[in-house]
Amino acid sequence: MLVKKLINYSVTTLAMSVIGSLSMIILLSQHVNAADLTVNISDVEQGKGHVLVALFAGKENYNDGKSVKATKVKAENKKESVVFKDLVDGEYAVKMYQDENDNDELDSNMMGIPKEGYGFSNNVGMFGTPKYKEAKFIVRDNTIIEVDLF
């Protein structure tokens, strides 16, 4: 009786070990695609402040102004670039502006028209913030987009 219990216990333990090991192998073998997004920015006012770039994942975050990543680059050249690393493949949108006087806000005139350069992915939104569906793009593997400041 004791031998039979030991054999059953050993078989059960062995089976659980095999199942656990196979589960770990399957989990570790699944590849999560981490992509880099390069944003090339044109029409930068050379030598004036920084360009602030915000990356949004999905419509809700875009509409709520909740970026998943943000960065800034010194406006040294007419063209600048920023890279967002290790992104999950999916839909994103970009908003940016050049903070020429480094006061951390997009300055506008009395009528609300921006006095500093701004831009969105897909180069939409010259006359106001575009809807998410206009600014969205797909990141797969390593992606490069071009944005011109207005």
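Guide: N33 touches L87, V88, D89 and D141, once residues up to four places away in sequence are left out. This is a predicted model, in which local features need pLDDT of at least 70 and side-chain atom pairs count only at pLDDT 80 or more, while totals for chains, interfaces and linings use all residues. Residues are numbered from 1 along each chain as its sequence is written, and side-chain values use heavy atoms, with hydrogens and water left out.

Visitor: What makes L87 something that N33 touches?

Guide: A contact is defined by heavy atoms within 4.5 Å, and L87 is listed among the residues that N33 touches. From C-alpha to C-alpha the two, N33 and L87, are 7.9 Å apart in space, and in sequence they are 54 residues apart. N33 itself sits in the loop between helix 1 (2-29) and strand 1, where helices (H or I, at least four residues) and strands (E, at least two) are DSSP runs numbered from the N terminus.

Visitor: Why is N33 called partly exposed?

Guide: Buried means under 20% relative accessible area, exposed means over 50%, and partly exposed is what lies in between, with a 1.4 Å probe and protein chains only. The relative accessibility of N33 is 25%, so N33 counts as partly exposed. For the protein chain, buried residues make up 31% of the 150 residues.

Visitor: Which elements does the protein chain have, and in what order do they run?

Guide: The protein chain has 3 helices and 8 strands, and from the N terminus on they run α-β-β-α-β-β-β-β-α-β-β. Among its contacts with a separation of 6 or more, 68% are between residues 24 or more positions apart.

Visitor: What makes strand 4 and strand 8 edge strands?

Guide: Two strands pair if DSSP finds at least two bridges between them. By pairing, 3 strands form an open sheet with mixed pairing, in the order 4-1-8. Strand 4 (80-88) and strand 8 (143-148) each pair on one side only, and they are the edge strands. On average, neighbouring strands of this sheet are turned by 20 degrees against each other, direction ignored, the axes being lines fitted to C-alpha atoms (for helices over the stretch in contact) and angles running from 0 to 180 degrees between N-to-C directions.

Visitor: How do you know that strand 1 and strand 8 are joined?

Guide: Strand 1 (residues 34-42) and strand 8 run parallel and are joined by 6 bridges. V39 has I145 of strand 8 as its bridge partner, and S42 has D148.

Visitor: Why is the pair of D36 and K85 called a salt bridge?

Guide: A salt bridge is a side-chain nitrogen of Lys or Arg within 4 Å of a carboxyl oxygen of Asp or Glu. In D36 and K85 the closest N and O atoms are 3.4 Å apart, and the pair forms a salt bridge.

Visitor: What is the phi of D86, and why is D86 called exposed?

Guide: D86 has a positive phi of about 55 degrees although it is not a glycine, and its place is in strand 4. Its relative accessible area is 58%, so D86 is exposed.
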